[in-house]
Amino acid sequence: MVSPAGNDHQHLPNCTQVHDPPGVFFSLGGYSGNHYHGFADVLIPLFVTSRPFDRQVELLVIDTQPWMVNKVKTIMQALSRYDEVDIDRSKQDGKIHCFSRLVIGLKGRGRKELGISPLETDYTMKDFRQFLRSSYSLRKTRAIKLRIDNDDDGDKKNPMMNNPQLIIISRKGSRAFTNVNEIAGMATKLGYYVKVVEPDDKTMSESAEMMNSCDVVVGVHGAGLTNMVFLPDNAVVVQVIPLALDWSAKIYYEEPTKEMNLRYLQYKIKKEESSLIGRYSPDHVVFTTPWSFKWEEFRSIYMQNQNVTVDLRRFRPTLVKALELLHD
């Protein structure tokens, strides 16, 4: 339990441990186990709330999930010089922690998705991304800048000194690419050095290093794109948008790129590229009026049971455009 410091308050239990540093009290419950919500609901607000203390602060955690604590250990250690306090365990052990100053709850998000509200703090997503680079010792600060030269006849040519690094995020289950090898092959022919990866949400350091090494990331709308927080400046995010997910794609990933100094491209699939075409007729309500479904039905159809087979001919110009952005 947590109590105000001092034992002169009636009806308050006696302190078993008095803490000199201030504390920040927050929860790892709710949807924080989801990679996106872990950042949007916990890590970014935790940064905004704790950073002003310059590590002279203790982090008090309730609803503790050991695997989650291990996942974000590097970030927590960068925000506090002290071991985190597991309030759930303290309660079981009958311990009473007393603080003279305690911040209850996290701030900074406001109505921002994967961002920081300017109404609550002077910190920005640029500050948060720099904090992540420092915490994980990420070396790449800027995406590769390609150069277009002219030959003697005035024609443009592109002798890529170094191939731009492209990561294709692979997903298990729903919203997965069904022809990821073909996409990778096409990207390689365009001059990319391609890696197909499936980020492990439980090993943040590996995901951070992997994403920081690339110049362009391609992924179907989903939590894996949250790893764009580790991308170098001016990198390109290519979001492939399944049927009916336009709104969430815009709010959760397109809008946040604007405050992260990233470039953004999107590729909206046609119904012929959706696995739903194999289960419903082309004139079915699934394709004509997806907003007519209640949330649980909508979620089941479009989020949990839809995969993507990208039309390579249609998708190629998007990858070409990403190369052009790396020239700017």
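Predicted model: local features only at pLDDT ≥ 70, side-chain atom pairs only at ≥ 80, totals over all residues.
The chain holds eleven helices and 14 strands. Along the principal axes, its C-alpha atoms fill a box of roughly 85 × 55 × 30 Å. Of the 328 residues in the chain, 48% are buried. When contacts between residues at least 6 apart in sequence are considered, 74% of them join residues at least 24 apart.

One disulfide was counted in the model. The bond joins Cys 15 and Cys 98, whose sulfur atoms lie 1.9 Å apart, within the 2.5 Å required for a pair of cysteine sulfur atoms to count as a disulfide. The angle about the S-S bond is -95 degrees, and the link of Cys 15 and Cys 98 is left-handed. Cys 15 is located in the loop between strand S1 (2–4) and strand S2 (17–19), whereas Cys 98 belongs to strand S6 (residues 97–99), so the pair ties together parts that are 83 residues apart in sequence. Both Cys 15 and Cys 98 are buried. Another cysteine, Cys 214, has a relative accessible area of 1% and is therefore buried, the limit for this class being under 20%.

In the packing of H1 and helix H5 (residues 125–135), the axes are 10 Å apart and the angle is about 85 degrees. H1 is therefore roughly perpendicular to H5, a class that covers angles of 65 to 115 degrees. On the H1 side the contact is made by Phe 39, Leu 43, Ile 44 and Phe 47, and on the H5 side by Met 125, Asp 127, Phe 128, Phe 131 and Leu 132. By class, the residues of the contact of H1 with H5 comprise eight nonpolar, no polar and one charged.

The axes of helix H6 (residues 180–189) and helix H11 (residues 312–327) come within 11 Å of each other and cross at roughly 45 degrees. H6 is therefore oblique to H11. The crossing of these two helices, H6 and H11, is right-handed. Glu 182, Ile 183, Met 186 and Ala 187 of H6 meet Leu 312, Phe 315, Arg 316 and Leu 319 of H11. Six nonpolar, no polar and two charged residues make up the contact of H6 with H11.

Helix H7 (residues 204–212) includes Met 204. The buried residues of H7 are Met 204, Ser 207, Ala 208, Met 210, Met 211 and Asn 212. Their cover includes helix H1 (35–50), helix H2 (66–71) and helix H3 (73–79), together with strand S10 (165–169), strand S11 (193–197) and strand S12 (216–220).

For Met 204 itself, the relative accessible area is 2%, so this residue is classed as buried. Leaving out residues up to four places away in sequence, Met 204 touches His 35, Phe 39, Leu 43, Lys 71, Val 72, Ile 75, Tyr 136 and Phe 230. Among these, Phe 39 and Leu 43 also take part in the contact of H1 with H5. Arg 111 is 93 residues from Met 204 along the chain, and the C-alpha atoms of the two residues are separated by 26 Å.

Key
Residues numbered from 1 in each chain as written. Heavy atoms only, no water. Helix = DSSP H or I, 4+ residues; strand = E, 2+ residues; numbered from the N terminus. Buried < 20%, exposed > 50% of the residue type's maximum accessible area, 1.4 Å probe, protein only. Axes fitted to C-alpha atoms, helices over the stretch in contact; angles between N-to-C directions. Parallel < 35°, antiparallel > 145°, perpendicular 65-115°, else oblique. Left-handed = near helix turned anticlockwise from the far one by under 90°. Contact = heavy atoms within 4.5 Å. Nonpolar A, V, L, I, M, F, W, Y, C, P; charged D, E, K, R; others polar.
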